[in-house]
Amino acid sequence: MAPGVPTHLTMSAIRRGISNGIPTTFQDDKTIQFNCQTYHKWMSNFGQIRIQFDMSEGPEVKRTAARLHEALAGETIQSIDAHHKKILAALAETPDALLGRKILRVHSLGKHILFDLDNGSHLHNHLLMFGSWRIYARRAKIEPDPRIMEIVCTQKHRAVLRGGSVFELLPAGTLEKHPRITKLGPDVLGETFDEKRALKNFKKHPDVEIGVALLDQEIVAGIGNYLKSEILFVTQTNPRALIRELSDTRLREMIRAARAVTLYSFENASFTIPDEIRARVQETGMSPLTVGRRHYVFRRTNKPCWNCGTPIRQYRQGAGKGRITYYCPNCQA
Ligand SMILES: [Zn+2]
């Protein structure tokens with residue numbers, strides 16, 4: 001355990017708490033990934049233990065879609081234990097549109113997950129802030145959990161969706177007209193990535209701060225809050241710079257970095273720092289539970305910048321309460 005952590009808050013205590021309904025996955029490196037709305041309550045229960053909290057951004061959503069694809073592609077939907085109103089309505093009105101349909105492919109588009117069915121329709125899912133999928137063998141026991149929203153049952157598997165999220169059936173021909181999906185900018189993790197379109201999209205918002213624009217899914221799809229801070233750091237950009245203050249060259253650099261950082265995160269378990277800095281993290285003796293060890297600046301407030309040693313700072317940007325941006329005041333002046 002990290003120094004200073006009360007001794008009663010052992011890993012087994014955390015696991016016991018988790019088995020009482022907090023969905024997590026333990027990774028090989030013992031990091032605990034949380035995907036739950038009771039995070040803050042648990043944070044207060046755990047006192048000083050800081051736990052990596054992964055909300056799903058492009059890389060996490062793409063990995064989730066890949067796991068769903070691996071388990072479900074080629075299988076037939078036998079039943080759906082549904083809670084979402086739109087799925088309940090579809091099951092009541094047109095059950096054949098779902099039941100007995102073969103899942104051809106599961107894939108991601110920005111932060112959206114799509115199940116392509118053999119009748120040309122799609123199941124559309126968005127995990128929002130706290131949704132998560134877990135796949136079980138058909139006969140495995142699923143513990144009761146009030147956050148279970150859907151159980152999609154096939155011949156060999158049950159895919160369980162937990163947490164607040166979007167789940168709906170899009171009949172054939174309607175995906176192309178979906179109000180949110182059609183407005184998405186180029187997918188930063190897409191097989192192809194249209195840099196010119198991304199640049200054009202940014203330039204439609206000259207008076208928006210770059211730290212706000214990077215989260216706009218209609219400009220570029222798939223970037224969330226940790227990627228935003230990391231992309232700004234890697235390109236040494238002041239998060240408050242307005243788009244009109246950045247040259248086309250700078251914006252292109254930003255767009256290329258957005259794709260590179262996000263692909264790296266997808267391929268490296270959501271790490272955005274390279275091996276060399278990971279080695280330096282290990283040298284510091286930092287606990288594997290310490291947040292921010294995966295990133296240059298995200299959740300590293302007051303910790304020294306890996307580049308220049310200046311303490312990392314944070315502020316909120318954007319409408320309403322805004323979202324927290326982490327940055328180095330020296331590297332990103
Ligand atoms: Zn710095």
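A crossing of two helices is called left-handed if the near helix is turned anticlockwise from the far one by less than a right angle, and right-handed if clockwise. Helices (H or I, at least four residues) and strands (E, at least two) are DSSP runs, numbered from the N terminus. The structure is a predicted model, in which local features need pLDDT of at least 70 and side-chain atom pairs count only at pLDDT 80 or more, while totals for chains, interfaces and linings use all residues. Residues are numbered from 1 along each chain as its sequence is written.

The chain contains 9 helices and 12 strands. Of its 333 residues, 37% count as buried (20 or more other C-beta atoms within 10 Å of a residue's own; 12 or fewer makes it exposed, anything in between partly exposed, with C-beta atoms placed from the backbone). Contacts require C-beta atoms, placed from the backbone, to lie within 7 Å. Among the contacts with a separation of 6 or more, 63% link residues 24 or more positions apart.

The axes of helix H7 (residues 225-234) and helix H8 come within 9 Å and cross at roughly 125°. Axes here are lines fitted to C-alpha atoms, for helices over the stretch in contact, and angles run from 0 to 180 degrees between N-to-C directions. H7 and H8 are therefore oblique to each other, given that angles under 35 degrees count as roughly parallel, over 145 as roughly antiparallel, 65 to 115 as roughly perpendicular and the rest as oblique. Their crossing is right-handed. On the H7 side the contact is made by Leu227, Glu230, Ile231 and Val234, and on the H8 side by Met254, Ala257, Ala258, Val261, Thr262 and Ser265.

Helix H8 also packs with H3, at an angle of about 45° and with the axes 8 Å apart. That angle makes H3 oblique to H8, and the crossing of H3 with H8 is right-handed. Here Gly58, Pro59, Lys62 and Arg63 of H3 meet Thr262, Ser265 and Phe266 of H8.

Helix H3 deserves a look of its own. Its 15 residues reach 21 Å from the first C-alpha to the last, close to the 21 Å expected at 1.5 Å a residue (the expected span is 1.5 Å times one less than the number of residues). The buried residues of H3 include Val61, Ala65, Leu68 and Leu72. As a group, the buried residues of H3 pack against S4, S5, strand S7 (132-137), strand S9 (157-162) and helix H8 (248-267). Just after H3, Gly74 takes a positive phi of about 90°.

H3 (residues 58-72) lies across S4 and S5, running at about 175° to S4. These two strands belong to an open sheet of 4 strands in the order S4-S5-S6-S10, with antiparallel pairing (strands pair if DSSP finds at least two bridges between them). Strand S4 (103-109) and strand S10 (166-170) stand at the edges with a single partner strand each, so one side of each is left without a neighbour in the sheet. From one strand to the next, the twist averages 15°. Between S4 and strand S5 (residues 112-117) there are 6 bridges, and Ser108 stands opposite Ile113 in S5.

Finally, strands S11 (residues 313-317) and S12 (residues 323-327) pair in the antiparallel sense over 5 bridges. Tyr315 has Thr325 in S12 as its bridge partner. The hairpin of S11 and S12 has 5 residues between the strands, and in this hairpin Gly318 takes a positive phi near 105°.

Terms used
Contact = placed C-beta atoms within 7 Å.
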